Amino acid sequence: MPLFLIIALLVILSAIYSYINARWLKLPGTIGIMTLAIIGSVLTIIVDRLNPSIADHLTVLAKNINFSTTVLNIMLGFLLFASAFNLDVRKLKKEMRPVFILSTLGVIVSTAIFGTLLYWVTGLIDIKIPYIYCLLFGALVSPTDPVAVAAIITGSKLPNNLETIISGESLFNDGIGLVLFITLLEITQSGTDNIDFAKAAILFVQEVFGGIAMGAITGYMAFKLMKSIDHFQTIVLVSLSLVMLNSVVATLLHLSIPLAVVTAGLLAGGRSINVDNKDHSHQALEKFWTLIDELLNTMLFVMIGLQMVNLPFIQNYWFTGAIGILVLLGARWMSIMLPLTFLRRSLNINYNSINILTWAGLRGGISIALALALPASPYRHFILSGTYFIVIFSIIIQGLTLNRVINVAYKNNPKD
């Protein structure tokens, strides 16, 4: 299928689903579009079995989109940059300790707990999954999705400090999760006896700190360039090129794309680029990236729904998918509770906040993209189906109830 036709069908579907949701369903954008996309995919599968010619275009569209490559190499950079650019850096600095703990130690602990619990539970029901594959599964579902989180918590009664922690964690933990996933994937392919731990440690440092360093340098340079002019079109082009430059160079140098673009976005957007009080370039640029974020967000969740067409085996994994959901919720709660318990007083975070942070840990397109990137193995369908169930539950069930949970928890406390 020609590239233009793929893009055209994707945009048309996004517009249709977005209109139906805005006109009749009136659900939060992410949830409504995801729900409609899944319903559309189920209907496509049914129609395709009854009369393949009728559903031909949608089936071909779903099968022609390389979801993993599109999300990880193209969309992810723009989505993360947009979220980082519009994040209040002053608030982030105040909450940097819990954000750092949750996005680094939290992801590692969650992966370990998820893998251990899943290995134990599946062993009890006589499903044989190697421990390393359970850890690999944990690595790709432990990072939270900044796109889904930001779209749902907006406008809630969530205290400002907790909102900043949730948003900041979801921005930074993608980079850590990706590096952890790559490391564990190499172990599954080479075997635990052949893994070079020194090489793995060097790769981790290179990916994480190299990505942050490159993002800091390019972000500061772009900020200086944008601040030196008052031509809005050029400022937009500089910001777009900043995302693309970081994505391309990070890929070539084996650095973390998420950490590079997030760091660049924070530096480029954290201070005003206005030359004087009459120039509103920064505010206009914020609106531009908000629009980009919302458009790509819509298309991303349409693509997630379409992936059901490519997963005919998913019907065989309902039970194990449910187990994955329960295990992940438990792992998420423990991965937050354990590190933050020791810092609870200094961070002003109570156990009620830990429960909110657990339920706000939404998963999205990044987890599915990583699962689809798994090489062929006897356990690929198990992990891919489990990931899909987790993402659907996360966005639709947790997403629909998150604001209700927040509002009940803080109904007597004004947002500060």
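The exercises below, each with a worked solution, concern a predicted model.

**Exercise 1. Helices α4 and α13**

Determine how helices α4 and α13 are oriented towards each other, and which residues bring them into contact.

*Solution.* Step 1. Two packed helices are described by the angle between their axes and the distance between the axes.

Step 1. Helix α4 spans residues 67-85 and helix α13 spans residues 257-269; the angle at which they pack is about 30 degrees, and their axes are 8 Å apart.

Step 2. Angles under 35 degrees count as roughly parallel. Helices α4 and α13 are therefore roughly parallel to each other.

Step 3. The crossing of α4 and α13 is right-handed.

Step 4. On the α4 side, the contact is formed by Leu72, Leu76, Gly77, Leu80, Phe81, Ala84 and Phe85. These meet Ile257, Pro258, Val261, Val262, Ala264, Gly265, Leu266, Ala268 and Gly269 in α13. Sorted by class, the contact of α4 with α13 has 13 nonpolar and three polar residues, with no charged residues.

**Exercise 2. Helices α10 and α13**

Decide whether α10 and α13 are roughly parallel or antiparallel, and describe their contact.

*Solution.* Step 1. The packing angle of α10 and α13 is about 155 degrees, and their axes lie 8 Å apart.

Step 1. Angles over 145 degrees count as roughly antiparallel. Helices α10 and α13 are therefore roughly antiparallel to each other. Their crossing is left-handed.

Step 2. Helix α10 contributes Leu171, Phe172, Asp174, Gly175 and Leu178 to the contact, while α13 contributes Pro258, Leu259, Val262 and Leu266. By class, the contact of α10 with α13 divides into seven nonpolar residues, one polar and one charged.

**Exercise 3. Helices α2 and α19**

State how α2 is oriented relative to α19, and describe the residues of the contact.

*Solution.* Step 1. Helices α2 and α19 pack at about 135 degrees, and their axes are 10 Å apart.

Step 1. This angle makes α2 oblique to α19. The crossing of α2 and α19 is left-handed.

Step 2. From α2 come Thr30, Ile31, Met34, Thr35 and Ile38, which meet Val391, Ile392, Ile395, Ile396, Gly399 and Leu400 in α19. The contact of α2 with α19 has eight nonpolar residues, three polar residues and no charged residues.

**Exercise 4. Aromatic pairs**

Classify the ring pairs Phe137 with Phe382 and Trp359 with Phe393, and locate their residues in the structure.

*Solution.* Step 1. A pair of aromatic rings is described by the distance of the centres and the angle of the planes. A search of the whole structure finds twelve aromatic pairs.

Step 1. For Phe137 and Phe382, the ring centres are 6.0 Å apart and the planes stand at 80 degrees, so the pair is edge-to-face.

Step 2. Phe137 belongs to helix α8 (residues 131-141) and Phe382 to helix α19 (residues 380-409), so this pair ties together parts that are 245 residues apart in sequence. Both Phe137 and Phe382 are buried.

Step 3. For Trp359 and Phe393, the ring centres are 6.2 Å apart and the planes stand at 90 degrees, so this pair is also edge-to-face. Trp359 is in helix α17 (residues 351-359) and Phe393 is in helix α19, so the pair ties together parts that are 34 residues apart in sequence.

Step 4. Trp359 has 21% relative accessibility and so counts as partly exposed.

Step 5. One aromatic cluster is formed by Phe78, Phe81, Phe85, Phe288 and Trp289. Phe81 and Phe85 are also among the residues of α4 that meet α13.

**Exercise 5. Individual residues**

*Solution.* Step 1. Lys26 is located in the loop between α1 (3-25) and α2 (29-50). Although Lys26 is not a glycine, its phi is positive, about 55 degrees.

Step 1. Asp126 is located in the loop between α7 (105-124) and α8.

Step 2. Leu180 lies in helix α10 (residues 160-190). Not counting residues up to four places away in sequence, Leu180 touches Val107, Ile108, Thr111 and Ala139.

Methods
Residues numbered from 1 in each chain as written. Predicted model: local features only at pLDDT ≥ 70, side-chain atom pairs only at ≥ 80, totals over all residues. Heavy atoms only, no water. Axes fitted to C-alpha atoms, helices over the stretch in contact; angles between N-to-C directions. Helix = DSSP H or I, 4+ residues; strand = E, 2+ residues; numbered from the N terminus. Parallel < 35°, antiparallel > 145°, perpendicular 65-115°, else oblique. Left-handed = near helix turned anticlockwise from the far one by under 90°. Contact = heavy atoms within 4.5 Å. Nonpolar A, V, L, I, M, F, W, Y, C, P; charged D, E, K, R; others polar. Phe/Tyr/Trp six-rings, centres within 6.5 Å; stacked < 30°, edge-to-face > 60°. Buried < 20%, exposed > 50% of the residue type's maximum accessible area, 1.4 Å probe, protein only.
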